[in-house]
Amino acid sequence: MTQENNSLPQSANLNGNASGEAEISLLDIVNFLQASWKKLAAASIVGAILGFANWNFLASYQAEYVLLNNNNNNNNSYALDLVSWKTIQKSLPNLAAQIEDEGKSPENHAQLYRAMASEQWWQKNVIPSYAISKADTKDLAAISKDLDAASTTILSLTVTASGGTKEKSIENVRAAANFLRTGSAYLQLRSILNSYETETISTVADLQKRITTTEIEMGYQVQRAKALEDLHKRFPGGNNASNQVVDPKDSGAKYLPLATQIIAVNNDINLSKEALQRYKDRLAQIALIKIFLEEANPLAANTFDGIVLDDGLLAIEAKLRAKLAKEDIKQQEVFDQLRTQLLSVKSRFTKSLDANTAPTSIKKGMIKTTAGGLAGAFFLMLLVLLGQRVWASIKGGAKSGGIQ
């Protein structure tokens, strides 16, 4: 009994020492920092130096290029509106991927084109600036509803690109801005060519149908006119003209004087002849468009540069126009419309979407990289010192256990 009673206080004392050793007091932390602050400070300085060196030698330059979305004073429209920009933003990655897959990307910018094949690149590296921001819209919404249009007006596009050197980053951002212009022009020219191709297929079939219908109707009109003239010969007394306005196709028109009916049916015949001539003239214009497309489509398949393609299409248009008679204004009309569309695209993506200043390039992230190196080295050294302290505590505990 005496031996058992003596063992209880000893066990309690050991538990008390164990719990006491497990606790870390504020004084222990202060003592630890006083003993280790030089090592922590040295490690932090070394980490900051390594972070700065990493930024200085490995960080890339980022160039910025601002393209102004100029207003065309002739028709009060901008080179890009919100809808056209969203369409281009979705289409340019596919075009860049196609250029890369066909191996037609510039040799020095193959990597850039691979990056531009991603939609995320365009969302991150091409930022539109609007006339009125969302915050301004909230503040000014109560003043005028006309500001809704201004909130979607794009004033400029800020293009960014990175590179290992300042010169490379500027070269990349110029290439990206150039692809934005030439690629957008190419997409719009392809849209124009596709619309003409659709017209040559669907419109021709529709015109042929209208011509057939009009010719059939005109045959009936000619027969009606002949029948009325025969009646007029049989009843020459029905020559009195009527001032009453009645539709010749109305059921009561048969009671009009024969002279009036003859005039009306001949007027219908003349209208049918005019419609037939219009349809045939349109077919002749579409035939010219087919000739244009036969030369334009191979050219569009060989280049993805919209500005170069535009110049080539204008040259084809000028060559075909020169073969037409100057007095044939009906066929000249189709080339006038085509030339207007081509010049509009060229102007929109050269003069209307252009930069007034050269691109700038800086190396960003110095503070962030240096601070990251400092913090990383500090916490790494802290973990090492704490690990040493824990290891020393474990070894001390093991020795005291062996002595007992």
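Modeller: That's H11, which brings three residues to the lining of the largest cavity. (Helices here are DSSP runs of H or I, at least four residues, numbered from the N terminus.) Keep in mind that this is a predicted model, with local features needing pLDDT of at least 70 and side-chain atom pairs pLDDT 80 or more, while totals for chains, interfaces and linings use all residues. Numbering runs from 1 along each chain as its sequence is written, and side-chain values use heavy atoms, with hydrogens and water left out.

The lining consists of Tyr 196, Ile 289, Phe 292, Val 334, Phe 335 and Leu 338, and the elements giving two or more residues to it are H9 and H11. A cavity is a set of points on a 1 Å grid over the protein atoms alone where a 1.4 Å probe fits but cannot get out, and its lining residues have an atom within 4 Å of a point. By class, its lining is six nonpolar residues, with no polar and no charged ones; Ala, Val, Leu, Ile, Met, Phe, Trp, Tyr, Cys and Pro count as nonpolar, Asp, Glu, Lys and Arg as charged, and the others, Gly among them, as polar.

Now for the helices around it. H9 (residues 258-302) packs on H11 (residues 329-348) at about 50°, axes 9 Å apart; axes are lines fitted to C-alpha atoms over the stretch in contact, with angles from 0 to 180 degrees between N-to-C directions. The pair is therefore oblique, as angles under 35 degrees count as roughly parallel, over 145 as roughly antiparallel, 65 to 115 as roughly perpendicular and the rest as oblique. Their contact (heavy atoms within 4.5 Å) includes Ile 289 and Phe 292 of H9 and Val 334, Phe 335 and Leu 338 of H11. Its residues split into seven nonpolar, three polar and three charged.

H9 also meets H8 (residues 166-234): their axes come within 7 Å and cross at roughly 160°, which makes H8 roughly antiparallel to H9. That contact has 25 nonpolar, 10 polar and 12 charged residues.

H8 has a further partner in H10 (residues 306-322), with axes coming within 7 Å and crossing at roughly 45°, so H8 is oblique to H10. There, Thr 182, Ala 185, Tyr 186 and Leu 189 of H8 meet H10 residues including Ile 307 and Leu 313.

Conventions
1 Å grid on protein atoms, 1.4 Å probe; cavity = no way out; pocket = protein on both sides within 12 Å on 5 of 7 lines; lining within 4 Å.
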